Amino acid sequence: MSDSTCFLTATEAARRLGVSIKALRLYEQHGLIAPVRTSAGWRTYGPVQMARAGEIAALRSLGLTLAQIRRVLDGGARELGPALAQQQGLLEARAQDLHETVAKVRRLRRDLASDADNAPDLQQLVQGEPSSGNPAVAFNLPWPWGGEAFSLQTIRPLTYIIGPLGSGKTRLAKAIATALPGAVFVGLDRLEEINGEATLRRLEVEPRLKSRIDTVLARLLDDGAVASPPLTALLVALEGDAEAFVVDMVEQGLDAASQTALLKHLRHHRTDRRPILMLTRSNAVLDLAALGPEETVILCPANHSPPTEVAPYPGTPGYETVANCLASPEVRARTQGVIAWRPEVA
């Protein structure tokens, strides 16, 4: 060793790498790293050993096993891809399990709070929640699906229905509105009604409704929304007597600030908790980073596989597809109704 200052003791090496001394010994036992011994037999780690140990620690932080890491170190990039794919699958499965467990805990806490006198006993908690056998909504999927059974076990206050153009999300929304007791479908004809002054006439003859709409509008304007006929029409529709609302393209006719203010209102300021299911492709409406425990995302895949609920965590099945379907309000406005055209290959 020409320059002993380049070599670190096990304690110093572990501190710089952010791992334990035990981890360094484990790397050595599996043949992944070979520390340099001093004349007295002490382990030391030079630049080469530190670089290799840094690679191992980085791969371990991704959850790879030492056996996988050995293959990656021996095979390079061609082995890294398969190892990461395998790890991603495991992480996605764990994330889905975690999401389902969190949902179960949330339901149990809600039931305990709402009916403390009939709280489930320990055996029920261990064995799981008893099933009522009556999902909130269940039906056979319409075309373009193949009639597969579809159900939503819990209808939360806010549900987002998303998918690429042509995925069937509007048909799904209408089917949910038909199957869900007391639900109404709020279509894009609401824009025609406001332009035809039907909504304005209704507000004139229903002073209580007008007072409620004025109150909500004032709050939205304080939060940055822009007063507009489409916004008023949507608010009037959501003040109806239905038990649930299914809204087609909720962002239609609203600018970015109005979309953001509207979602803030729906999340935090509504006086009732009637479910609202919204079709959207705007990231101002569906902000994946802001989703709360009382919100659900349903994805309609492009290949017409059955719609599925997507957990709002990166890495879970369907998350990236949902994220790729979303665009800013400005982009949504420019590309409204545009369908990508792919030339035929001769």
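Reader: Why is Ala183 called buried?

Author: Happy to start there. This is a predicted model, and in it Ala183 has a relative accessible area of 16%. Buried means under 20%, so Ala183 counts as buried.

Reader: Where does Ala183 lie, and what is Ala183 in contact with beyond its neighbours in sequence?

Author: Ala183 lies in strand 7, residues 183–186. Leaving aside neighbours within four places in sequence, Ala183 is in contact with Ala177 and Ala244.

Reader: What makes Met249 buried or exposed?

Author: Met249 has 9% relative accessibility, and the cut-off for buried is under 20%, so Met249 counts as buried. Met249 is found in the loop between strand 8 and helix 12. Its phi is near 45 degrees, a positive value in a residue other than glycine.

Reader: And His304, why is that residue called partly exposed?

Author: His304 comes out at 27% relative accessibility. Buried would need a value under 20% and exposed one over 50%, so His304 counts as partly exposed. His304 sits in the loop between strand 10 and strand 11 (308–310). Phi is positive for His304 too, near 60 degrees.

Reader: How do you know that the length of helix 10 agrees with its number of residues?

Author: Helix 10 covers residues 207–222, which is 16 residues. At 1.5 Å a residue, helix 10 should span 22 Å. The C-alpha atoms at its ends are 22 Å apart, so the two values agree.

Reader: Which residues of helix 10 are buried, and why do you say that they line one face?

Author: The buried ones are Leu209, Ile213, Val216, Leu217 and Leu220. Looking down the axis of helix 10, the buried residues fall within an arc of 105 degrees, so they line one face of the helix. On the other side of helix 10, Pro207, Arg208 and Asp222 are exposed. After helix 10 comes Gly224, with a positive phi near 105 degrees.

Reader: Which residues touch the most other members of the largest nonpolar core?

Author: That core has 38 residues, and Tyr160, Val247, Met278 and Leu286 touch the most other members. Elements giving two or more residues to this core include strand 6 (158–162), helix 10, helix 12 (256–268) and strand 9 (276–279). Another core, of 22 residues, lies apart from it, with Trp145, Leu180, Leu279 and Ile298 among its members. As a general note, nonpolar side chains tend to be buried together in soluble globular proteins.

Reader: What is Tyr160 in contact with, leaving aside its neighbours within four places in sequence?

Author: The partners of Tyr160 include Leu263, Met278, Val285, Leu286, Leu291 and Val297, and also Arg267 and Glu295.

Reader: What makes the peptide bond between Trp143 and Pro144 stand out?

Author: The bond joining Trp143 and Pro144 is cis, with omega at about 20 degrees. Pro144 is placed in the loop between strand 4 (137–140) and strand 5 (149–152).

Reader: How many helices and strands does the protein chain have, and what share of its residues is buried?

Author: The protein chain has 14 helices and eleven strands. Of its 346 residues, 39% are buried. The chain exposes about 19600 Å², and carbon and sulfur atoms supply 54% of that area.

How values were computed: Residues numbered from 1 in each chain as written. Predicted model: local features only at pLDDT ≥ 70, side-chain atom pairs only at ≥ 80, totals over all residues. Heavy atoms only, no water. Helix = DSSP H or I, 4+ residues; strand = E, 2+ residues; numbered from the N terminus. Expected span 1.5 Å × (residues − 1). Buried < 20%, exposed > 50% of the residue type's maximum accessible area, 1.4 Å probe, protein only. Arc of directions from axis to C-beta. Core = buried A, V, L, I, M, F, W, Y, C linked by side-chain atoms within 4.5 Å. Contact = heavy atoms within 4.5 Å. Areas by Shrake-Rupley, 256 points an atom, 1.4 Å probe, with all protein chains shown as cover.
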